[in-house]
Amino acid sequence: MTWWLPPQASTFAAPIDWMFTAILIITGITFVLVEVGLVYFVIAYRNRPGRKAFYTHGNTRAEVIWTAIPAVTMVILGLTSNGLWVKIKGRNSVPANAYPIGVHAKQFEWWFTYPGADGKLGRVSPELIQETVNPTGLDRSDPAAQDDIVIRNQLHVPVGRPVVVMLTSEDVIHSFYVPQFRVRQDAVPGMNIRVWFEATVPGTYEVGCSQLCGMSHYKMRARVFVHTQAEYDAWLQQEAAKAKGASTS
Amino acid sequence: MSTAAATAHAVHAHHDDRSFVRKYVFSTDHKIIGIQFLFLSLFSLLVGGILAMQIRWQEGFPGQPMPLGKLLPETMASGGVLLPEYYIELVTMHGTFMVFFAIMLLLVGVYANFLIPLKLGAHDMAFPRINMASFWSAFVAGILMFASMFVPEGAARAGWTMYTPLSARHDLSGSSLGQELWSISIIFFGLSSVLGSLNYISTVINNRAPGMTWFRMPLSVWALFITAILGLLAVPVLAGAAIMLLFEQILGTHFFDPGAGGQALLWQHLFWFFGHPEVYILILPAMGMVSDLVANGSRKPIFGYHSMVFAICGIAFLGWIVWGHHMFVSGMNPTLGSTFMVSTLLIAVPSAIKVFNWMGTMWRGNIQFHTPMLKARSADCRGSSWPRRRWTCSSTTPTSSSRTCTTCYSGAACSRSSARSPTGIRRCSAG
Amino acid sequence: MRKLGSAAAIGAGLLVWALGSTPGAEAALDGATVTGKVKFVGKAPANPVIDMSEEAKCAAKYTTPPRELIVQVNANGTLANVFVYVKTGLPADAKYPTPATPVEIDQNGCMYHPRVFGIMVGQTLAIKNSDGILHNIKALGKKNRPFNISQPTTMTTNRPGFAAVEVMLPFACNVHGWMHAFAGVLSHPFYSATGTDGSYSIKGLPPGTYTIEAWHEKYGTQTATVTVKAAETKTADLTFTAK
């Protein structure tokens, strides 16, 4: 049923797609019934010589029925989807062991900060932002920031492990959107927003900016790489070595 | 003496001495004002349509020179190839023109002005001069918005929803005067909308013909009345937000600047608090007219008139508490996401009631497929735009209003009588 | 007789006035030249490496990892990308014609070429995109009206001239945050930017005493005072020290 949706690559994808499909079926059935009814009425009750319309002002019982059924349906849909919403977006639902990655959006690049060996992201401060040298404003005096690795337009995540993105924006509202993860969240200047997900399928995907952020918004994309844990560790080591090499050369 | 004076007065009553300007330009007659709104909105529809064609060109043939593209300045289209900043201006201005200047003016400015007095049996709006002011402020707003496309650095560039900080900061969007003119134009538009709403509400409350109680009003008038209440309460919020945005743009205030204690999300809350009632402003008049036309076309009264009135009121009322459904991923508290979801689901219920009642109206009717009915039927499916055929109605039974022969611009005015009046059927002939 | 005399006097006066108020003409006739080298003392700091891995078309143009050339020290110990110009000393009422040819800045390999350049008030700036990929050019003027335009493909945009003197006016690309350039907008043509040999040359100066200023994006400014006579060539070296 979901072949026409983007591939499912996170733990959120299957429940969201299920919800989507369920709503589509309910509304689809209603749509078909209404349309068929409409076509039938238009043909069956068309004007013919000698025909008279049936004079009535309404029927209270019918009104009650066709108010109650949609209302009950809406309540059920609301209750089932709210559980999923809270699980994905709720502030308290970020898993405790989630791997933190800093995502800093700016016109028109994505900057990703990886926590390095200590697994902790260092402090950032907007005043420290300097193009090329320190695009995210990382405070290198913070011990947790010493091993942080900052990379442009490439998101690397390990598969099968919850990841929590610390989403910030430098200038205007951007939006972090990976369709295959079914994850989307606006990056708002002045706010530090946590977004979590768990990738399930290794591969290459794309983050697109999905909130108009200026004239080059359409090109504000980053590549997403989902690695096995072993590949990820190797990649991280490689990047750490590169960063070390760059800073001493 | 008095007889002579009376005769002279009678002679005068049928001779209009006013100048062309007083009769057709600065007119206080609701029908003339309705036609003025019609011209303004049709022109805006043309502008919005031309902008849309250019968007389509970019979608269909990106990177290729557009026909007539060489007429555009190099800052918009280099050698006829649309530049990204121009594309965003196109998208922004298309949305702005279509939502505000085409549809709102058409469905509210034209239909409310033209139809409310006719359908209520009133001789004009409650405040004819305020009605005129409402048109002329919309006209000023339209001029400003149109002009904003021709200033240096081009038109506004942050989408018709104008999210801050992109819309507030010229260094980030690349457009300065155009953005500011958008804000100023919307402030004038807000003025126009509020003045109009005041008029429609007052007219419906006060100027109904004797014997027309609330629950004898046509559904199209109910819809326009509720729409006017929505407009009165929602549009000032937009105008206020536009004033704040203008201050941010030209006075350097920090309402939306997080670095100075403001909040970027403030704009979104203000805008969508207007924005959701706005979409009901756009659809309710159409739904009201569908009700009247389906009833007329089916030769039956509308099925469940009272439910329909309550449904309109329910949609309008619930429309105030759903604005957050435009902001689920905006960064607002996710708990609000849950609450707005609930209210949004609930608003589907009165909307469903309306559709079922239309079907009930057609059930066992005697359906005539005159053009308005065809349009209403398709509107039933998907909400299309309204016919603009000219109808001449002649009444077999005198109505309580002074005119027995009315030229109206939709079959709706005639249909009210045919559906509700037990004494006579108005014959509608197309002309 | 008296009328002829006064006419002659007026004519002579006009001639002197005409000759005196075309400094361009005067400069061409007997312009002095100030030349020199901008030296760099100390250890050059490492320039930051640019990660172009997500911009394949540009990355392909480099054989070694590209760096943002903030401090470009030449082999002969001189500093490139230093903007040298006449700060004071020109006659206050002097007016210099705006050249008809535009100054060109090119985006190639996701870098601005040149990084530092001079342009006269009112002179057209031709912005070229040789990369064929999206760049946006943001001119962050403080005295001049800022602009922000984009170039999605290979093209050249001619920007009308700047209105005010500004030393220096920065350019940036937002799609590629490492791209920077600096323009010195002046009302006179007496400027020069150092290149790979670290030398500058300012020609056509009228005789007088001038303050020459050298500007570097990291090391700030250095000045030198030079007095030149007609058609004389003087050398004035400037030095920046590593911090």
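Predicted model: local features only at pLDDT ≥ 70, side-chain atom pairs only at ≥ 80, totals over all residues.
Chain A falls into domain 1, residues 13-89, and domain 2, residues 99-248. Between the C-alpha centres of domain 1 of chain A and domain 2 of chain A there is a distance of 44 Å. Six residues from domain 1 of chain A and five residues from domain 2 of chain A take part in the contact.

The size of an interface is often expressed as the accessible area lost when the parts come together. Here, domain 1 of chain A and domain 2 of chain A bury about 470 Å² between them, and 41% of this area lies on carbon and sulfur atoms. On the side of domain 1 of chain A, the residues that lose the most area to domain 2 of chain A are Ala13(A), Ile88(A) and Lys89(A), which together account for 61% of what that side buries.

| Item, domain 1 and domain 2 of chain A | Value |
|---|---|
| Distance between C-alpha centres | 44 Å |
| Buried area | about 470 Å² |
| Salt bridges | one |
| Residue pairs in polar contact (both at pLDDT 80 or more) | five |

A salt bridge joins the side chains of Arg182(A) and Asp17(A), with an N to O distance of 2.6 Å. On the side of domain 1 of chain A that touches domain 2 of chain A, the elements giving two or more residues are α1 (13-44) and α2 (60-89) of chain A. By class, that side of domain 1 of chain A has three nonpolar and three charged residues, with no polar residues.

Key: Residues numbered from 1 in each chain as written. Chains lettered and ligands numbered in written order. Heavy atoms only, no water. Domains from an automatic or database assignment. Contact = heavy atoms within 4.5 Å. Buried area = accessible area lost by both parts, 1.4 Å probe. Salt bridge = Lys/Arg side-chain N within 4 Å of Asp/Glu carboxyl O. Polar contact = N/O pair within 3.5 Å; in protein donor to acceptor, adjacent residues only side chain to side chain. Helix = DSSP H or I, 4+ residues; strand = E, 2+ residues; numbered from the N terminus. Nonpolar A, V, L, I, M, F, W, Y, C, P; charged D, E, K, R; others polar.
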